[in-house]
Amino acid sequence: MRIRATAAAVTVSGALALTALAVPAAQADDTWSGAGTAKESLVELAQQHAPSGEAKKSARALANDPGQAYALDVKFSKVSVNKGKPLVAGASAKGSVPVTYTVKYGTDPGIWADDFMLGINLFWSAADGSDGNFLGTGISHCKDVSVGVADCTTTLAFDPKLDLMNSDAGAKWNVEGLAIAPNGQDLESDNVNWSKVGIAEQFNVAKKAAFQRYSKLTTNAAPEPIKKGKTLTVTGSLVRANWDTNKYAGYTKQKVTLQYRKKTSSTYSNVKTITSDSRGNLKTTVKASADGYYRYKFAGTSTTPAATSASDFIDVR
């Protein structure tokens, strides 16, 4: 779900509580797994219940304030989102990455309740508040590993058509753990007794996460066959996902390296570095020397992962 500058944000412990948490099922032996998802995020609840005539800037606008909830005895550790690697998304295809974490829940029996919510959230916001976004994990599957400690696995799913915009690429996404014990309270009700609800919100539980726009690279060398010493033209294109249009578009003014390896070799060597044009197109010339393979290689940027094209074989006679 996308949160823009005009959206409301729930304040819990003085910070953003952005979530679409999973609701675990009842305890069976020493494991639990999710049985469904929360119908509304806390952000949506803030929007829904804030007085219509007032600015919906925080949960403080609510008559029943999440800030009145008691501190839930839950601690997150060993949080890993996509094994610490950037999250790469194409132009329109849905994706998901693995998330693992350990949770220490003490002696609070609410951890095993049917309505208990547990998950990991990613969020970021621009310094001036002009932009931002958040995503939450799906159903968590957890298993006790010692008294009061469980290891959990889940996934973070994303749909570029619904969840992502270009400004999300390269942003430094904060990672937080969030647990909510409704204890039978209906969090969508106007009459929530927040003093009976437990909340644990833990920020910076892992290093900042990053999203990148998937890139693709092509190479074509011509003419072929070609006589030794003649000029060979190597063209190609560098494109990347555009999440605002959900299409691929040329990645302009980027350094790309042309590489070559002889037919008898297994190692590529750099020939030259060129710059993609205003449409992401690539074009350069070289002298044909021997049978071999040409390819383009892009090193990547903070917003876009590295890419290497398929090789194009040239028959030199």
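Q: Which residues does a disulfide join here?
A: Cys142 and Cys152, with an S to S distance of 2.1 Å; a disulfide here is a pair of cysteine sulfur atoms within 2.5 Å. The link is right-handed, with 115° about the S-S bond.

Q: And which strands do Cys142 and Cys152 lie in?
A: Cys142 is in strand E11 (residues 141–146) and Cys152 in strand E12 (residues 149–158), so the pair ties together parts 10 residues apart in sequence. Strands are DSSP runs of at least two residues, numbered from the N terminus.

Q: Are Cys142 and Cys152 buried or exposed?
A: Both are buried, meaning under 20% relative accessible area, with exposed being over 50% and partly exposed in between (1.4 Å probe, protein chains only).

Q: Before we go on, what should I know about the model?
A: This is a predicted model: local features need pLDDT of at least 70 and side-chain atom pairs pLDDT 80 or more, while totals for chains, interfaces and linings use all residues. Residues are numbered from 1 along each chain as its sequence is written, and side-chain values use heavy atoms, leaving out hydrogens and water.

Q: New topic: where is Gln212 found?
A: Gln212 sits in strand E15 (residues 211–213) and counts as buried, at 11% relative accessibility.

Q: What does Gln212 touch?
A: Not counting residues up to four places away in sequence, its contacts (heavy atoms within 4.5 Å) include Pro86, Val88, Trp243 and Thr301. The Gln212 side chain also reaches the backbone oxygen of Thr301 at 3.2 Å.

Q: What about Tyr248, which strand is that in?
A: Tyr248 belongs to strand E18 (residues 247–250), and Tyr248 is partly exposed, at 34% relative accessible area.

Notes
Helix = DSSP H or I, 4+ residues; strand = E, 2+ residues; numbered from the N terminus. Polar contact = N/O pair within 3.5 Å; in protein donor to acceptor, adjacent residues only side chain to side chain.
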